[in-house]
Each structure stands twice: as C-alpha cells, then as structure tokens.
Amino acid sequence: MRGKVPLGVRILSALSTEPDWDSITPAQVIEVREAQHRKRRSALGKIVTGRPDRGALITTHTLPLPGRRLSARVYRPAQGGSALPLIVAFHGGGLILGAPDQDDWLLSHLAAECPAVVVSVDYRLAPEHPVPAPVEDAYDSVSHIVDEAARWEADPTRIALLGASAGATLAALTAIRAVELGLPVRAQVLINPQLDWTERVFEYPSFTENADSPTATPANCRAVQRIALPESFDPRAISPVHSDDLAGLAPTLVQAVGTDPLEDQAPAYADRLRHAGVEATLTRYPEAVHAFLSMPGLVPAARPARAEILAFLRRHLLERSDSAATGTAKAGRP
C-alpha cells in the first residue's frame with residue numbers, strides 16, 4: 001500500500017464485518033445503507049464522524065424540483081449574516097450509500113468559519129434510483145438553490161461546489177454544466193474523488209497497489225459500478241476525467257488519499273484541468289483513507305485537510321467584486 005492506514009481505522013475495521021460486495025443484491029444494499037444510518041447516529045458513530053461546529057446552525061429544508069422533492073441539510077453561521085457565499089455539497093457513498101449528515105463535522109465548520117451558507121443535497125440513490133437520477137438531482141438542485149438564493153440569504157454570485165468520492169462526481173459534473181449555463185461558480189473542492197466510472201477505473205495502478213485498503217475496497221468499487229449504472233448506460237457520460245471540454249472551469253482543489261484505490265484519478269483529473277487552463281491544486285494525504293473527512297475521529301489528517309479546504313474557499317469566495325463576476329463570465333465557453 002502506498003500510504004499508511006491510521007490506527008483507529010485499522011481497529012474499527014478489525015471489529016467490523018463488511019458485506020460480500022461481489023455478491024450483494026440491490027435489496028441488501030438498502031439494508032446496508034439503513035444499518036450505516038443507525039451506526040452513524042449511535043454514540044460510537046458520533047465519535048467517528050465528529051461533532052458539528054457549535055458556531056453553525058443546522059436545519060433541514062425541502063427542494064421542490066420537477067417531478068420530485070428532495071431534502072437538503074442546510075448549515076448557517078450561528079451569528080447570522082446575509083448575502084453570504086453559497087456552498088453546495090454532495091456526500092459520498094458510491095451513489096448507493098451515504099447521507100448528508102455524515103459530513104456535519106466538515107460542513108458545519110465551513111459554514112461557521114468561512115462564513116457561508118452550505119446546502120448539502122440528499123440526492124436520490126441506486127438501486128432505487130440508478131444513474132442518471134443522482135446527476136439530474138445535482139444539476140436541478142444547484143439551479144434551484146441559486147434561483148432561490150434570497151431565500152437562503154446567500155449571494156448567487158459567489159458559489160462553490162464540493163463533493164467527496166461519488167459526491168465529487170456530482171460536484172465536478174455540475175461545475176462543467178455551470179459553465180454551459182453561465183452560473184458564477186468560483187471554486188470547486190473534490191475530496192478523494194471518483195471521477196472515472198468506465199472500466200478503466202480498474203486499470204489505474206492505485207487500484208492494485210491500494211487493494212488492501214479498509215475503505216473503498218476493490219470489491220466495493222465493483223459493486224458500485226454494477227448497482228449504480230444501468231447496463232445500457234455509457235459510463236463516460238458521468239466521468240469528468242473523460243469530459244471533452246474542461247475549459248473555463250472554476251479553480252479546483254483536489255485532495256487525494258495515499259491508501260485509496262481511487263487515488264490515481266485525482267492527479268489524472270488535475271492534469272486534465274491544468275491542460276485546459278484551469279487553476280488546479282492537488283494535495284495528497286498519505287496517512288488517510290477513503291472517506292476520511294467523514295471520520296475525523298479516527299483520521300488525524302482530517303483536520304489539516306479541512307483547514308486547507310476552508311482556506312481555499314475563503315480565498316475564492318470572500319471577494320465580492322464586479323470584476324470577479326465579470327471574470328467568471330469571460331471564462332465560459334463561447
């Protein structure tokens with residue numbers, strides 16, 4: 001393995017029983033998801049996922065989208081404020097697992113310290129809602145949130161997109177769509193991202209070299225491909241690393257993990273962004289695991305990674321000038 005798995009993760013993994021991902025059925029995926037929800041809300045789960053920042057208020061809202069209604073977890077600075085930057089976030093879980101509250105530790109801190117309004121979208125998941133449903137939810141929810149920025153007491157000219165793992169897929173795809181729609185996205189943050197959903201995902205060297213990772217195991221990756229993607233669906237359509245045109249995208253922070261089977265996707269995408277003229281910062285955390293920012297109680301590297309994200313977002317969101325907005329518009333594709 002290229003990196004080092006933190007002791008706390010090794011202990012928890014030894015005490016946990018993983019499902020048989022290679023034979024797991026759609027019904028069993030739903031059972032695993034519900035079991036994860038229960039564990040996350042237990043006393044031990046709260047130690048693993050970390051406590052929310054006391055400087056943030058957390059509420060739940062409904063997003064009325066065409067033909068469906070989604071839930072969103074909203075984080076605001078406790079001291080209030082108006083016309084704050086807007087951060088739209090997407091949780092990880094391979095588009096089959098996960099929920100917004102797994103990122104409370106990170107997102108509440110960003111809301112309190114940036115400060116910003118952070119909206120984490122509870123998008124639909126497979127097997128009930130396979131791709132492209134989660135992608136459509138990401139596109140539609142961001143457009144709706146921006147249109148209703150006054151409701152959120154947010155500034156629609158200062159937007160950032162953030163996602164972890166498969167949530168990074170949604171953030172990256174939405175950033176690409178934002179250029180096409182002229183939305184003023186100023187920054188995107190991609191955490192241990194999954195950016196390649198084609199069969200090539202199994203050919204990256206990190207997939208073999210980090211095969212013993214206790215999180216995002218190769219078997220888990222195979223199951224995600226099988227369950228989230230319909231057989232007739234072209235996986236290139238949701239693979240940002242294979243996008244034909246990345247020009248004009250917002251400055252991007254990509255955080256890679258040294259023990260992650262998906263690690264090589266991070267530099268591959270950062271390279272593509274740079275070749276397209278996009279400012280891309282790539283940081284590697286060798287002593288972390290996939291989903292590490294959802295388990296800060298076990299992974300010490302989560303704290304410097306969170307600090308890096310905060311500094312990056314503050315740098316790109318806190319200036320509210322007409323020149324910045326004009327620069328965003330000029331960066332778009334002709």
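Is Arg 274 buried, partly exposed or exposed? Arg 274 is partly exposed, at 39% relative accessibility, where buried means under 20% relative accessible area, exposed over 50%, and partly exposed in between (1.4 Å probe, protein chains only).

1. This is a predicted model, in which local features need pLDDT of at least 70 and side-chain atom pairs count only at pLDDT 80 or more, whereas totals for chains, interfaces and linings use all residues. Residues are numbered from 1 along each chain as its sequence is written, and side-chain values use heavy atoms, with hydrogens and water left out.

2. Arg 274 forms a salt bridge with Asp 271, the closest N and O atoms being 3.5 Å apart; a salt bridge here is a side-chain nitrogen of Lys or Arg within 4 Å of a carboxyl oxygen of Asp or Glu. Both residues lie in helix H9 (residues 265-275), three residues apart, about one turn of the helix, and Asp 271 is likewise partly exposed, at 37% relative accessibility.

3. The search of the whole structure finds 18 salt bridges. One of them joins Asp 101 and Arg 41, with the closest N and O atoms 3.1 Å apart; Asp 101 counts as buried at 15% relative accessibility, whereas Arg 41 is partly exposed at 49%.

Technical notes: Helices (H or I, at least four residues) and strands (E, at least two) are DSSP runs, numbered from the N terminus.
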